[in-house]
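Work through the exercises below with the sequence and the model at hand. Try each task before reading its solution.

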4 protein chains.
Amino acid sequence: MNTIGDIFRVTTFGESHGVAIGGVIDGCPSGIKIDKQLIATDLARRATGTTSSASQRREADEVEFLSGLLDDVTLGTPIAFMVRNTDARPEDYADLKDTFRPNHADYTYQIKYGIRDWKGGGRASARTTVSVVVAGAIAKQWLAQKGVEVKAEVKSIGGETDPERIEALLQQCREAGDTVGGIVQGSITGLPAGLGEPMFDKFQACLAKAMFSIPAVKGFEYGDGFAMAAMKGSEANHSGGILGGITNGEEVCFNVAFKPIPTLGRGNRHDVCALPRATVIVEAMAALVVLDAMMLNS
Amino acid sequence: MNTIGDIFRVTTFGESHGVAIGGVIDGCPSGIKIDKQLIATDLARRATGTTSSASQRREADEVEFLSGLLDDVTLGTPIAFMVRNTDARPEDYADLKDTFRPNHADYTYQIKYGIRDWKGGGRASARTTVSVVVAGAIAKQWLAQKGVEVKAEVKSIGGETDPERIEALLQQCREAGDTVGGIVQGSITGLPAGLGEPMFDKFQACLAKAMFSIPAVKGFEYGDGFAMAAMKGSEANHSGGILGGITNGEEVCFNVAFKPIPTLGRGNRHDVCALPRATVIVEAMAALVVLDAMMLNS
Amino acid sequence: MNTIGDIFRVTTFGESHGVAIGGVIDGCPSGIKIDKQLIATDLARRATGTTSSASQRREADEVEFLSGLLDDVTLGTPIAFMVRNTDARPEDYADLKDTFRPNHADYTYQIKYGIRDWKGGGRASARTTVSVVVAGAIAKQWLAQKGVEVKAEVKSIGGETDPERIEALLQQCREAGDTVGGIVQGSITGLPAGLGEPMFDKFQACLAKAMFSIPAVKGFEYGDGFAMAAMKGSEANHSGGILGGITNGEEVCFNVAFKPIPTLGRGNRHDVCALPRATVIVEAMAALVVLDAMMLNS
Amino acid sequence: MNTIGDIFRVTTFGESHGVAIGGVIDGCPSGIKIDKQLIATDLARRATGTTSSASQRREADEVEFLSGLLDDVTLGTPIAFMVRNTDARPEDYADLKDTFRPNHADYTYQIKYGIRDWKGGGRASARTTVSVVVAGAIAKQWLAQKGVEVKAEVKSIGGETDPERIEALLQQCREAGDTVGGIVQGSITGLPAGLGEPMFDKFQACLAKAMFSIPAVKGFEYGDGFAMAAMKGSEANHSGGILGGITNGEEVCFNVAFKPIPTLGRGNRHDVCALPRATVIVEAMAALVVLDAMMLNS
């Protein structure tokens, strides 16, 4: 449903053009000091793909905490938060009311719920990732206090890895009204050995599930990933930080493949490429998985 | 832990060189006729990579049902089953008692549990997949009655897709004492629209988690997968049967990357390539995911 | 933790003197019309023990819905709601900052969380039941549409069942600065047969757990309850609507024993007896259990 | 369904007249030495209500462990066990094939599952408590190593507490072909403070749920229980070891009310009173709850 985690649990809510987007974090220990500026920085990364203060000003994703904190320190009780939707423009979507956009969740939502919240894509909208980013920003702060760092960056866009060629490709797409996919590379360092469960809750299985909960993700691999399928045993020696489903204390590295943003339906207000904005979501989801595994293992 | 599924739940048990491998299936409706021969066929596929009756005779993985069936019809109560380990040869592993095999779960198990069941790899052994194959064979029979088919086959080995070239590569590995990885391609047809949950339990997320619970899996993709990361939006039009995390009624196709079997530690009794044996495990895990999603959605 | 239910799930948040009390309802189907006046009536029952419009005006527990509704109809997405705490007077509790109140959760919270939210009892406060009452009011509306009614009323106070004697007892307590316990009697009618699971999730087991999650509850019985412990088999014939853990379609009736409100610690602003206010909480918790069981069974 | 516990999880299986009764314990740490004689003693208590070696010989409930143990020490992997049903006499029930016994689960099972395992009551039979007793015996050994003791004894039968009067009452029932109910009193000592979760998983709520999963239980109370409903606040001062849903380190004491065994349907082979046999089941269920809470809290 709308909850992730067993011990450190995050429940999210909110439609893209409803009153607010938010969540409840359950299982967070008491006594952890939260730096709200770091949350704001991550929300700006999600909204604009940058961390510049200019963009932070422009994007007004302000978090209001409803419970669980006293003077920015966690109480051990559920942490509820919300971000009000200030930019609700349902009229932009009025012409979609009776239309199913191709390659879009409109159709499957209609089938599943019998009702379609046509005002902005409802829960399928990328805006719902706001909740994940806030929860992930809190999780990363706690992990940092334990020496664990979760980082994600753009590895390639449209198959290109060279920054100059990427910029040229993006410019070309902008002019052509086109979009392009790419790969985000994630890395987790400082992990304790022993995380993950041997059978169905292997560390990589939980990480994979979390990544595929991000909209537009089509593939996930860790360590040498798909390349290993073409290797011989005598050539392969990269465990990727996980053995038998359990972390061994080394760095865990992984790749996440994003499809291009659909080109139809919402015109030129849209991004050419979601990748720069996606890195903070990958970090957030990975942080939630790591923290839950650490709490289960402690 | 050792349970998969929310409504159709499978709990597995058994060490590779203990008394028995088995499981408990909870949540299976009553009144379903089970064909035990189909279970035997799948166990033979897991053991030898073939479905020939000769190999079925040689491999004596016989399932004993302890509960949940009356005259081969399900009662609606938990279905417990076990396969006794007749081939327990712990003496083969005596020299490993004080050794950690490289790239093997020995080390991580020692860290996690403080004790290592050195007699055959314990729960990290591929033999534990027996439980999954039995549960999956039951799930597939039920799905078949509802018109859903789950199939998996070898797509490539060592990067080769041509059967003749694959055979040559395997022969070469056999002679060199080497091993080789590959890709299994899965397909689910006849799926109802509406399976999966929009946020953290998207259909592809549950499928990915299940695949990464299979030993030696390093990558998973669905639809056009990683290839989409190099595409433009104007080129991409393959949804892969899932939109917004919810099935749309079309075929769901996916790829699973397996690393080569480690070459060290257990000598020439081992397979050169696990792929032919892996297809039935991929089918079983996929069937468990599909059935659980169908029951949750009904 | 702070979530109840498997399919119809309610997650609650909020400290009694924090920003807001609220919750997230996950798993509510789409298309259900919600009457917000009925929610307001139940909140007034919780706050004052009456349903008079005068008391509704005086008590300003106003619910704000953050998601999940469009024109008062459910969308099938998570329904988040909150009630702001307008009456936060932490200064009233300042003298308790370094005191543990006897027979109060102060001590156990300090042990468990290492930090104590001394401002009004935090999550142990009766005010947190606001979340349950809102969720329960929604559940009851849905149940009513399916012909199921959940009702609770005061059965006895201080051992008295006669209204006149109860009133005399309450008056006597008021004058003496004392408090008194009592029993709430619950009834569920219109239940379908077949709810509940045979082993650990028997219908009565889920109901009992829900009742013991209400603050101050010390006992629960259903059907003839404790009286049956003194009966012979030849005398006992009241199943209480449940056989083998599964409902049989008859009325389920039960009793819930409340201890007296602790007399120390918060002075004369307090109720003499929580029973009149408790009935709506009993109804709410029972409704959540019934609805979850019905969805699991459907 | 058929699983209890979040971290220390027990899944049970088996019909009373099927092949075997058993279970899988998941989440038990490695390195715990198990005394199988203590398990046998508890099984004898369940079968006969005594711990005498004579009755142990007569009752052949022998446990076979299928996994999870090496030389009677836990491996940290799932512990699967079974007790074969040697006394299966389905012919005794042949005349019940088309009959619904009054006040029995026959009817509700038929409604729920559409099929009725008429051979001995299936999963509703008291025999299924074998699984719980084995798991509980293991849990109690572990708790004992941590200084926690769970004890249950008969408090009253047919309303009588004096042993001589109880014996007279039982004799009278035996002669009249009647049965009689009673109360089991439980006690948990050595508990650490801090167990239980404040909202829906209060310690007493989990304990109540576990007790109501025992067949024939009609009521549960802790501390002063129902008596408190007749008390004034100035008289009540017994917390019962739990405050705000969280243990305070004192003894937790509770009462469980059992209805009389139904007099119809299975003739004079049956007990006059289940109470002496029920104490070990109460202990087992309580031990499972305590251990799960301790693991969740550690």
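This is a predicted model: local features need pLDDT of at least 70, side-chain atom pairs count only at pLDDT 80 or more; totals for chains, interfaces and linings use all residues.

Residues are numbered from 1 along each chain as its sequence is written, while chains are lettered from A and ligands numbered from 1 in the order in which they are written.

**Exercise 1.** Find how chain B can be laid on chain D.

Solution. Superpose the copies by least squares on the C-alpha atoms of residues with pLDDT of at least 70 in both. In general, two copies of a chain are related by a rotation about an axis and a shift along it. Here the turn is 180°, the shift along the axis is 0.0 Å, and the RMSD is 0.0 Å. The two copies are therefore related as by a two-fold rotation axis. The same surface serves both copies, since 97% of the contact residues of chain B recur in chain D; contact requires C-beta atoms, placed from the backbone, within 7 Å.

**Exercise 2.** Describe the side of chain A that touches chain B.

Solution. Begin with the count: 70 residues come from chain A and 70 residues from chain B. Next, look at the elements, where helices (H or I, at least four residues) and strands (E, at least two) are DSSP runs numbered from the N terminus. Helix H6 (203-212) of chain A is among those that supply at least two residues, and H6(A) gives the most, with six residues. Last, sort by class: there are 33 nonpolar, 25 polar and twelve charged residues. Here Ala, Val, Leu, Ile, Met, Phe, Trp, Tyr, Cys and Pro count as nonpolar, Asp, Glu, Lys and Arg as charged, and the others, Gly among them, as polar.

**Exercise 3.** Where does A:Asp72 lie, and is A:Asp72 buried or exposed?

Solution. A:Asp72 lies in the loop between strand E6 (69-70) and strand E7 (73-75) of chain A. A:Asp72 counts as exposed because 11 C-beta neighbours lie inside 10 Å; the cut-offs within 10 Å are 20 or more other C-beta atoms for buried, 12 or fewer for exposed, and partly exposed in between, with C-beta atoms placed from the backbone. Then check the backbone: phi of A:Asp72 is near 65°, a positive value in a residue other than glycine. Most residues other than glycine have a negative phi.

**Exercise 4.** Is D:Ile246 buried or exposed?

Solution. Locate D:Ile246 in strand E13 (residues 246-247) of chain D. With 25 C-beta neighbours inside 10 Å, D:Ile246 counts as buried. Not counting residues up to four places away in sequence, D:Ile246 touches residues including C:Tyr109 and D:Phe203.

Technical notes:
Two residues are in contact if their C-beta atoms, placed from the backbone, lie within 7 Å.
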